[in-house]
Amino acid sequence: MSVRLPGWKEMAIGGIIVNPGNSLEYKTGDWKVLMPVIDQDKCIRCRICWYVCPDNAIKELDKPHTTKAKRVYKISYDVDYDYCKGCGMCAQECPVKAIDMVPVEVS
Amino acid sequence: MQAQVQYKRPIPLSTNYAVAHAAKDLDVDVIAAYPITPQTTVVEKLSEFVANGELDAEFIHVESEHSALSATLAASLAGARAFTATASQGLAFMHEMLHVASGLRAPIVMSVAMRALSAPISIWNDQTDLFNARDAGWIIYFVHTAQEAYDTIIQAYRLAEDRDVLLPVMVGYDGYVMSHTTEPVVVEDRESVLKFAPKRPYPYRLDPDHPVTIGPIVPPEYYYEIKYQQVKAMEGVPEKAEEIDREFGKTFGRSYGIMECYMCDGAEALIVANASYAATMKSVLPDAWKQGLKVGLLRLRLYRPFPVKHFVNYTSNVKSVLVIDRAISYGAPYQGPLANEIAGLKVREDLGFNLTSVVAGIGQRAMENEDFLAIARLAWEARTRKYPETIFYGVRE
């Protein structure tokens, strides 16, 4: 579905942003080719991906997870795909190779 | 019998001083400028006004013209009435900020004492500086007397701050020939000047209660529309400028129109000139007519946007139009930038005159009355003869 963009008469002059905080509406993660997928079982909760992500797109969630080997973690890591640009830094730095970069399917 | 309106008596001022007086009478809030020949005495005079308490303004001493326009722009965006003045290398150094100012639609007014550009270094007059800046989205006026400079600065603020316009304005006059020549100038009182051009600050001015972001990056989906807004803002300017000029005439008794046709009745050829060359040509034309050269002068006053309707109206019945350029557009079809532009207009409006492009007075090469007469003769002869190439008048073989 295509979004109707404003015409020249509808826009503020000079490209000035007159509605503060509207950057929240702007998702920067819509141009990735590969997306990181975290394997919650392999992940050792070292937090390195959270540290290295240049876009703060790794989310640390208060969501308990029990692995198949019955190991219990209090937290989980997830990716905010609205902002992740698919740079692969997290996958590169993950010490246990718990992150896979998989092709984004465009529908 | 109707009572005669009493106008003020003139005082002697150079064009630079006339400009400074105009800025003072407009009660500008911020001046940021760097002294550059031949503009220097504008800002010298203004700093004197500020120092003496005659003008309550911030005078920002900057280290370059890039900063001068940056500071002026910031002041304007903060809601102040801001003024700057420049020339030559300074205008060139401002080039980046020229586009930022017009892109952000800041109602700045700037005077330009036109001067040649390096290299080789020339501090003397021609118009290369302004013609290099003509595509920066500013409204451009050329003035031909000190009085007109004073009056035009006042009109310029009214125009720039108009809500349908909101564009920066340059007022150009010839360096030395005008900037340092003293003429009688009527200076109005601040009250009536401010009544004519009341301060109307930038509508999105920086205000903590209404936060805005000024100057963000704009992606391809939006940039084009914002630039088109500038195109549309320019479109309405000739009409508005004319209206402001008419009202100025009613208030102060002086008006100029946006394009002047001098000794045009019965003229078969027209010379297009601006600033001091228009003034000199005016003094020479009566002699030309005595010699049988029925030549008129089309004086450019509002140059950007170009008053197309007026131009077409004045030139539709003449056989020859000669354009005097004081800048060179190297390698262009006509090497005078203005002639080039008029060539485009001639095609667009299907005008029948023979166009002649003359480049003269580069680096203030002296032009005497005889030279202006010779150019008038050239314009006259061009009725029956085409000059396909640019004539570089006065260059030595």
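**Entry 1: the second largest pocket**

I looked up which element gives the most to the lining of the second largest pocket, and I found H9(B), with seven residues. Helices are DSSP runs of H or I with at least four residues, strands are runs of E with at least two, and both are numbered from the N terminus. Helix H5 (95–103) and helix H9 (220–235) of chain B each supply at least two residues of this lining. I noted that the model is a predicted one, in which local features need pLDDT of at least 70 and side-chain atom pairs count only at pLDDT 80 or more, while totals for chains, interfaces and linings use all residues. Residues are numbered from 1 along each chain as its sequence is written, chains are lettered from A and ligands numbered from 1 in the order in which they are written, and side-chain values use heavy atoms, with hydrogens and water left out.

I then recorded the term itself. On a 1 Å grid over the protein atoms alone, a pocket is an open set of points with protein on both sides within 12 Å along at least five of seven lines, a cavity is a set of points where a 1.4 Å probe fits but cannot get out, and lining residues have an atom within 4 Å of a point. A volume is the space filled by probe spheres set on the points, and grid points are joined across faces, edges and corners.

The second largest pocket holds about 380 Å³ of space. Its lining has 17 residues, and Gly137(B), Gln230(B), Val231(B), Met234(B) and Arg304(B) lie nearest the centre.

**Entry 2: the largest pocket**

I looked up the volume of the largest pocket, which is about 980 Å³. Of the 26 residues that line this pocket, Ile17(A), Asn22(A), Tyr26(A), Pro219(B) and Tyr222(B) lie nearest its centre. The lining divides into 17 nonpolar, four polar and five charged residues.

**Entry 3: the cavities**

Rolling a probe the size of a water molecule over the atoms shows where empty space is left. I found two cavities of 30 Å³ or more.

The largest cavity has a volume of about 100 Å³. It is lined by 15 residues, and those nearest its centre are Cys43(A), Cys46(A), Cys49(A), Cys94(A) and Ile99(A). Its lining has 13 nonpolar and two charged residues, with no polar ones.

The second largest cavity has a volume of about 30 Å³. I listed its lining as Gln127(B), Phe131(B), Asn274(B), Ile324(B), Asp325(B), Arg326(B) and Leu338(B). Three of these residues are nonpolar, two polar and two charged.

**Entry 4: salt bridges**

A search of the whole structure gave me 30 salt bridges over all chains. A salt bridge is a side-chain nitrogen of Lys or Arg within 4 Å of a carboxyl oxygen of Asp or Glu.

Lys68(A) lies in the loop between strand E3 (65–66) and strand E4 (72–73), and Asp41(A) in the loop between strand E1 (34–38) and helix H1 (48–52), so the pair ties together parts 27 residues apart in sequence. Lys68(A) is exposed at 75% relative accessibility, whereas Asp41(A) is partly exposed at 28%. Buried means under 20% relative accessible area, exposed over 50%, and partly exposed in between, with a 1.4 Å probe and protein chains only. Arg4(A) and Glu10(A) also meet in a salt bridge, at 3.1 Å from N to O; Arg4(A) is exposed, at 62%.

In chain B, Lys240(B) forms a salt bridge with Asp162(B), the closest N and O atoms being 3.5 Å apart. This pair links distant parts of the chain, 78 residues apart: Lys240(B) is in helix H10 (residues 237–252) and Asp162(B) in the loop between H7 and E7. Both Lys240(B) and Asp162(B) are buried, and the value for Asp162(B) is 15% relative accessibility.

I also noted a network of salt bridges that links Glu148(B), Asp245(B), Glu260(B), Lys282(B), Arg299(B) and Arg301(B).

How values were computed
Ala, Val, Leu, Ile, Met, Phe, Trp, Tyr, Cys and Pro count as nonpolar, Asp, Glu, Lys and Arg as charged, and the others, Gly among them, as polar.
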